[in-house]
Amino acid sequence: MSRLLTIETSPRGDASISRQLTRRFVAAWEAEHPGGMVKIRDLTDTPLTFVTAPWLQAYFTPTDRHSSEMKAVLRLSDELVAELLETDHLVISTPVYNYNVPAALKAWVDHVVRKGLTLGVDGKGLVAAKKATVLLASGGVYSDDSPIRDRDIATQYLRLILNVLGITDVTFIAAGGAKAVDLGEISMNDFLVKFDHHIQQSLV
């Protein structure tokens, strides 16, 4: 059975371009994988914490020496890692804030990059043989001919992290110019339909 894990980050609900892209992606994926399982991890509903001293102490302590407190500190991280390892196709859906990913997505990354689980002690990624699709919604346009192309930190960062984890089959679908929807210059549907072809291609 094929498994899809989607990571949602936007706090904007139905008004979110990235969330609407995810819905279209999931519908297309389900059509291609009847009977498949979809897991949605909404970071706005997940009690993520930033890295703390107790978290780091638990992280660097061998598991056979974990206290009950250390196990509790890492419980959510363990759950997020398990979701990632179990999936076949990872979808990260995110807006771009100030050229980079939201803090919640950075926190998720910090929870899933775990030595001995997703990363070998030699630094080699252990999350292999998986596909990833990144759905990015941004006000700016970062195409190759864009004068602000070098500000596309979000794409560079996520590509780096996924590669570090061992995921090299990565497709980026960049919905640049999304502010046109908020400004009423184009309808949500007319904006989104432009990316349906890219979504279908990412499923191949």
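Colleague: Helices are DSSP runs of H or I with at least four residues, strands are runs of E with at least two, and both are numbered from the N terminus. With that settled, which element gives the largest share of the lining of the largest pocket?

Modeller: That would be β5, with three residues of the lining. Do keep in mind that we're looking at a predicted model.

Colleague: Noted! Which elements each supply at least two residues of that lining?

Modeller: β4, α5 and β5 each do. The lining has 14 residues, and Tyr142, Ser143, Asp152, Thr155 and Ala174 lie nearest the centre of the pocket.

Colleague: What's the volume of the largest pocket?

Modeller: About 240 Å³.

Colleague: And by class, what is the lining made of?

Modeller: Six nonpolar residues, four polar and four charged.

Colleague: You named Asp152. Is Asp152 buried or exposed?

Modeller: Buried, because its relative accessible area is 7%, below the 20% limit. Its side chain also meets that of Arg149 in a salt bridge, at 3.2 Å from N to O. Arg149, at 31% relative accessibility, counts as partly exposed.

Colleague: How many salt bridges does the count come to?

Modeller: Twelve. One of them joins Arg12 to Asp182, with the closest N and O atoms 2.9 Å apart.

Colleague: Where do Arg12 and Asp182 lie?

Modeller: Arg12 is in the loop between β1 and α1 (17–32), while Asp182 belongs to helix α6 (residues 179–182), so this pair ties together parts that are 170 residues apart in sequence. Arg12 is partly exposed, at 39% relative accessible area.

Colleague: Nice. Which residues are linked in a network of salt bridges?

Modeller: Lys39, Arg41, Glu79 and Glu83. Within that group, the side chains of Arg41 and Glu79 meet at 2.7 Å, N to O. Arg41 sits in strand β2 (residues 37–42) and Glu79 in helix α3, so the pair ties together parts 38 residues apart in sequence. Arg41 is buried, with a relative accessible area of 9%, whereas Glu79 is partly exposed at 38%.

Colleague: Switching to the core: how many residues are in the largest nonpolar core?

Modeller: It has 30, and Leu90, Ile92, Trp108 and Leu158 have the most contacts inside it. Elements giving two or more residues to this core include β1 (3–8), α3 (68–86), β3 (89–95) and α4 (103–112). The element that gives the most is α5, with six residues.

Colleague: What does Leu158 touch?

Modeller: Leaving out residues up to four places away in sequence, Leu158 touches Ile92, Thr94, Val101, Leu105, Val134, Leu136 and Phe172. There's also a second, separate core of 19 residues, which includes Phe25, Ile173, Phe191 and Leu203.

Colleague: Now backbone angles. What is the phi of Asn98?

Modeller: Positive, at about 50 degrees, although Asn98 is not a glycine. Most residues other than glycine have a negative phi. Tyr99 also has a positive phi, of about 80 degrees.

Colleague: Where is Asn98 placed?

Modeller: In the loop between β3 and α4, and Tyr99 is found in the loop between β3 and α4 too. Asn98 is exposed, at 73% relative accessibility, while Tyr99 is partly exposed at 33%.

Terms used. Residues numbered from 1 in each chain as written. Predicted model: local features only at pLDDT ≥ 70, side-chain atom pairs only at ≥ 80, totals over all residues. Heavy atoms only, no water. Core = buried A, V, L, I, M, F, W, Y, C linked by side-chain atoms within 4.5 Å. Buried < 20%, exposed > 50% of the residue type's maximum accessible area, 1.4 Å probe, protein only. Contact = heavy atoms within 4.5 Å. 1 Å grid on protein atoms, 1.4 Å probe; cavity = no way out; pocket = protein on both sides within 12 Å on 5 of 7 lines; lining within 4 Å. Points joined across faces, edges and corners; volume = space filled by probe spheres on them. Nonpolar A, V, L, I, M, F, W, Y, C, P; charged D, E, K, R; others polar. Salt bridge = Lys/Arg side-chain N within 4 Å of Asp/Glu carboxyl O.
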